[in-house]
Amino acid sequence: MEKEKEEQRNDPKLETVLVLQGGGSLGAYECGVYKSLYKNGIRFNVLAGSSIGAVNASIISAAQNTKEADASALLEGFWLSLAENMTAAAVTAPLLSSLLPLPHLSSDKMMAILSSMYSALYGNPKAFMPKWFMFGSSDYFMPYKWTYLYDTMPLKETLNQSIDFTKLKQGKSSNMEDKEYSRLIITSTDIQKAEPVIFDTAHMDIDVDKVIACVGYPFYGVRWIEKDGRYLWDGSLLTNTPMLEVIRRSPIKDKKFFIVDVFPRQQKELPENMVEVWHRARDIIFMDKTDKNIEMLKLNERYLSLLRKMYGAINSDDADIDPKTKERLKNIEQEYHHLARTHSGPITDVVRVGRKEELHFILEDADFSLYRIKKLIAEGERDAERVLSQTKRDRD
């Protein structure tokens with residue numbers, strides 16, 4: 001890891017990027033991964049995320065921009081604060097277990113089911129409030145008019161306590177020459193136009209409303225947010241791994257990506273019922289197409305390299321090209337320079353840390369029990385250590 005730290009410090013053309021996916025409570029796994037990266041001295045020039053990944057990225061970015069802050073401790077504190085009031089699920093579990101005798105389920109899966117049911121019914125006082133507890137709403141007795149089941153006002157209050165938003169303002173990040181400053185790129189979706197809305201500290205301040213706008217996941221009934229005249233849903237509807245968004249927003253510098261996959265890429269067991277079918281299909285959809293994106297970007301790099309060689313050959317003094325043809329070729333010079341300027345930074349490396357799944361349960365991303373959050377953090381930390389050790393062995 002010392003070689004990697006030195007590489008980060010000494011290469012001004014290299015951006016180290018952390019990309020965090022959406023996945024509800026599975027964001028605790030990302031917390032564990034980041035704990036390991038932080039412990040190994042890896043700092044990021046760019047942090048990007050969708051949904052809960054946008055929340056994690058915002059906490060890390062603000063903390064990194066506060067030089068004395070321990071970003072790892074702040075992120076873990078956020079996750080433990082979400083879980084601390086969920087211990088009531090453990091109290092409810094024995095009663096529900098007696099009412100739902102399902103001997104074929106392991107105790108771990110039963111606890112996951114009960115915790116998710118508890119969250120769905122009662123919400124989470126630090127993250128989301130069910131509509132049926134909002135007695136003062138004008139449409140309370142007209143559920144056929146409801147456009148959401150959960151309000152994220154509690155999460156807004158929690159983030160205001162967890163993030164110093166003065167550290168997410170446009171400033172040094174606009175030119176990104178300060179290697180100590182981390183740039184934040186988070187994604188949401190315009191409901192009416194079905195297009196991505198990107199919040200980027202290189203071009204704007206990011207406040208709590210913009211972070212909240214990234215987490216309105218409609219299939220779980222989470223409320224959309226109105227921001228700057230747009231109505232916004234979760235960014236994961238368009239991309240759950242905003243790697244291409246980073247490339248498009250910061251096209252010039254070379255990139256080393258760290259990507260955290262919270263949804264398992266492989267599952268040996270075939271689904272045995274429709275719930276498991278939906279679960280596996282959901283995993284595949286949100287696992288995203290990162291491998292294809294990387295393949296496409298690598299191909300793009302080869303095309304640009306070929307163009308660069310052709311351009312050099314055409315403009316060399318000894319090029320055996322008649323003046324008329326050379327003049328015609330020079331007409332494409334502006335287009336070449338545009339491509340070279342906006343797509344020139346290659347991907348030097350991609351380090352991926354992927355979660356493996358012991359339980360196949362469609363609502364595992366809604367389990368906010370203290371037991372599960374701590375377990376996810378530990379799993380993320382363990383998996384990241386394994387990947388970093390393997391990366392170091394490969395480099396040596």
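Entry 1. I started with Asp383, which is buried at a relative accessible area of 5% (buried is under 20%, exposed over 50%, partly exposed in between, with a 1.4 Å probe and protein chains only). I then looked for its partner: Asp383 forms a salt bridge with Arg382, with 3.1 Å between the closest N and O atoms. My rule for a salt bridge is a side-chain nitrogen of Lys or Arg within 4 Å of a carboxyl oxygen of Asp or Glu.

Housekeeping: this is a predicted model, so I note that local features need pLDDT of at least 70 and side-chain atom pairs count only at pLDDT 80 or more, while totals for chains, interfaces and linings use all residues. Residues are numbered from 1 along each chain as its sequence is written, and side-chain values use heavy atoms, with hydrogens and water left out.

Entry 2. How many salt bridges are there by this rule? I get 26. One of them pairs Glu381 with Lys39, the closest N and O atoms being 3.9 Å apart. That pair links distant parts of the chain, from helix α14 (residues 370-395) to helix α2 (residues 27-39), 342 residues apart. Helices here are DSSP runs (H or I, at least four residues), as are strands (E, at least two), numbered from the N terminus. Lys39 counts as exposed, at 55% relative accessibility.

Entry 3. Next I checked Asp261, which forms a salt bridge with Arg352 at 3.0 Å between the closest N and O atoms. Asp261 sits in strand β9 (residues 254-261) and Arg352 in strand β10 (residues 347-354), 91 residues apart. Buried or exposed, I asked of Asp261? Buried, with a relative accessible area of 2%.

Entry 4. I also found a network: salt bridges that share partners join Arg280, Arg282, Asp283, Arg355, Glu357, Glu364 and Asp365.

Entry 5. Helix α10 (residues 274-287) was my next stop. I listed its buried residues: Glu276, His279, Arg280, Arg282, Asp283, Phe286 and Met287. They cover an arc of only 155 degrees around the axis, so they lie on the same side of α10 (the arc is that of the directions from the helix axis to the C-beta atoms).

Entry 6. Last, Phe135, in the loop between β3 (129-130) and β4 (150-151). Phe135 is exposed, with a relative accessible area of 59%.
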